[in-house]
Structure formats: C-alpha cells, structure tokens
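Good morning. Please look at the model first.

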Amino acid sequence: MAACVEQHNVKDGKDSILEPLSLPESPGGSIPPDNSTSVPCILCVESYSLTEKDALLKHLVLEHKLVIADVKLIADFRRYILYWRKRFAEQPITDFCSVIRTNSEGPVEGQEDYFLLCDVLPEDRILREQLQQKRLEEILEQQQRERNDASFHRVCTFCNDEFTGNRSLLLNHMAVEHGFNMGLPDNIVYCTEFLDTLQKKLDNLQCLYCEKTFRDKTTLKDHMRKKQHRRINAKNQEYDKFYVINYLELGKTWEEVQSEDDREMIEDQDDDWSDWQDHPVCAVCLFCEHQSETMDKIYSHMKDTHGFDLAKIKTELGLKFYQQVKLVNFMRREIHQCRCYGCKEKFPSKNEVLKHIVDAKHIMALQDKSTWDQPQYYFPTYENDALLCVLSDSESESETDNQSKEIPVIAEDISNLKALKQTSVLNQLLKDGTYNS
C-alpha cells in the first residue's frame, strides 16, 4: 500500500496538517507548468521558481495563512499570482478573501483566521477564465506557426533519414516505417521540444513506454521491438504539454476529456444501463488498514475487531450526517497526529497511540461533543477518505417514513357522480366558450 502523504508543523505547541493527506490510492495529475520563470509571493518579498509551486503554496499557508483554492484549475499560475499581488497591494486582503476561523467556539487564544481565495469571488472567477482563454489562444497560435513552418529540419529518431519541410513528413514516416505513433501532427504542439525529449530518453538508453533503462542501444531496440513498446507512456504527465487537447478544458487532461466524449457517445448509442457495473469504493478502518466495500462490513469490522461501535455512538448521541462526518475527521486527525482522541495524551508514534487507546479502554471514550463538533472538521483529514461516503443519515430516512405515516389518505367520493357532473363549474365554462378553440 502506498504511504500516506503527510506534513506536520509544530507552532505554539499545536500540531497542524499543512499538506493534503491521502489514504492509499493512485494519484491523479495535471498538465506540467512552464518551469522557466520565478514566481513572487503574493504578500512578501519571497520568490520561488515554478518548479517549487508547492513550496510557495506552503509558504502562503504557514506565513500568511492564505489558501488558494483549486490551484490545478489555474491555467497560468505565475500571471495569477502577479495579478493578486498587485490587487492585495491596493486593497486589504479581507476585501477579496473569505475568512475561516478555526476553533471558533473555543478560547480566543486558540483561534486562528485563515484567508481563502477562490472563484466564489467574481473577480477571481473572471481572472481564471481569462487566463484559460489566453493560454488556449497562445497554444493555438503556436500550433498554427508550427503547421505553417516550412523550415523544419530533423533526422529521424530511429534511422538516418532526414526530413525538411513540414513536420508531418517526419511524424508520418515514424508512424509508417517504424510503427511509432505520437498522434496526429495537427494535435501536437511544441513538436521540436517533444522530439528532443524523446531523443534524450533514447540517448539515456530508456524505453519510451515502460521507461526502464538498458545497458546498450541494441538491447533497448530489441526490447522495444519484441515488447511492442514503440509508443510513449500515456500516463507520463511530462508529455501532456505537447498535446493541444490538454489545453481545451479548464483543469482537465486528455484522458478526462476523452472519457467524457466516450461516455456521451455510449449514452447516445444505447440508453440501456442493465449491464452497468459500479466500481466498489473501499472504506478504510479508523484504527487499521483494513478496507471494506460497504457500510455494514466496515461497521462490523470496527466493532468486532476493535470494539468501536459507530452505529451505537450515532444512535446515542443522535448524530446527523454532517456530525458523523466531523466525528470521523476528528478521530482521523487525532490518530494521525499520534494523540488519543479520548484523553488527548500525545505519543511518539501512531502504533503507540493505538496501543494506548486499547489498553486504556478509550476506544469508545469520546471528548465532549463541543470538542469535535467544530467547523474545521467539515474538511477531510484524508482527501480520499471513502468512509465519509458510506456514512448514512438514518434520522432523515426515519423522519420521511414518519411523515408519510402521518399523512391521511382520503378516498375519492364517487357516491353521487351524476350530481357532481351537473353542478361542476366546467359546464358553465363550456357554455361561455372559455375553452372553445
């Protein structure tokens, strides 16, 4: 299982989780940015290269308590930062950002204000849309220049043939003669850089598909031929910047755009959902790495193996859905920070705190509701915590059942149907010609 992504900070005696945590799962990705220019901090003189974007975002949280939402949906990160750096110099940050106060119901000294910059603000949304449009225009202009460029000259990557003129001559040659298909020439941008990237990998004796390294060129060529690895690895995000499709929709890679197109095509062709197979979502236990596909299974595991009865707690405390969410996030956070959620005692490791919880019989010992029923626990401790998806709000279901039982059903009275027809107001309307066409 992949290790969880984690980052701690100790400040004023408190632990803070500064970076997203993930339960074991395959990570997603986005289009790699242009790494050629430095980016200044929005609020101070610190500066970072674009390859250190995560370090800049961490700096903003730690030093300025500023959180930028949906960073991967920002088409041009540097221009976005420069724009808000200028605006924050003109007006106070509170004119643009939502203020989130942690531990709002606790003591004043334990409260902290964080500033959230997101596209809920119309100015931010318009900026993001303009940056996306600008980037797409630049990419299409670059692509058009390359399509019209007759000065292109290059030797084939796999043989000694030389090609002069339009780049499509070389790309078609590589596809037909060597079985190496990079895609349609009109779908490619930054073609020279793309070919340079592939050539560098081959010079380093690296297979372009499985990306393994070999001892000499002959072994590499035999491997790529026998294994049919004369293609690029579509999962390698390094190649995303070379395909126009990755720039068409905000925050979506070619795989996401293509999968949506495929789904629409299937829906148009056939509306029969009888063979639909849902992919199970595995929820991870609060106390170990056991995973279950359903709510009943994960509840039973935690009760039988660890003695933790979440269903009983939900019933006794009358927890609604979002209160269950906050409780789970609270417990996840405390255990992640090696702290007993029952007595707040701190331990050197996660294994030790779990051992303490069992030995001290704190498995069902929760802090007062006011401790964990706080706004900050709306946010998942682990981004991909599927346990939050299998929680149920049984109270709302029972309320619906009770309401339906209380609604009286009155049978239609047809005992004097003839008299009803004679006295109906419809007769008068018909006489007056109201409904005549």
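The model is predicted, so to speak of local features we require pLDDT of at least 70, and side-chain atom pairs count only at pLDDT 80 or more, while totals for chains, interfaces and linings use all residues. Residues are numbered from 1 along each chain as its sequence is written, and side-chain values use heavy atoms, with hydrogens and water left out.

Strand β5, residues 66-68, pairs with β7, residues 112-117, in the parallel sense over 3 bridges. Strands here are DSSP runs of E with at least two residues, helices are runs of H or I with at least four, and both are numbered from the N terminus; two strands pair if DSSP finds at least two bridges between them.

On to the other pairing. Strand β6, residues 98-102, runs antiparallel to β7, and 5 bridges join them. T102 stands opposite E112, and S98 has L116 as its bridge partner.

Together, 3 strands form an open sheet of mixed pairing, in the order β5-β7-β6. Because β5 and β6 stand at the edges with a single partner strand each, one side of each has no neighbour in the sheet. From one strand to the next, the twist averages 30 degrees; axes are lines fitted to C-alpha atoms, for helices over the stretch in contact, and angles run from 0 to 180 degrees between N-to-C directions.
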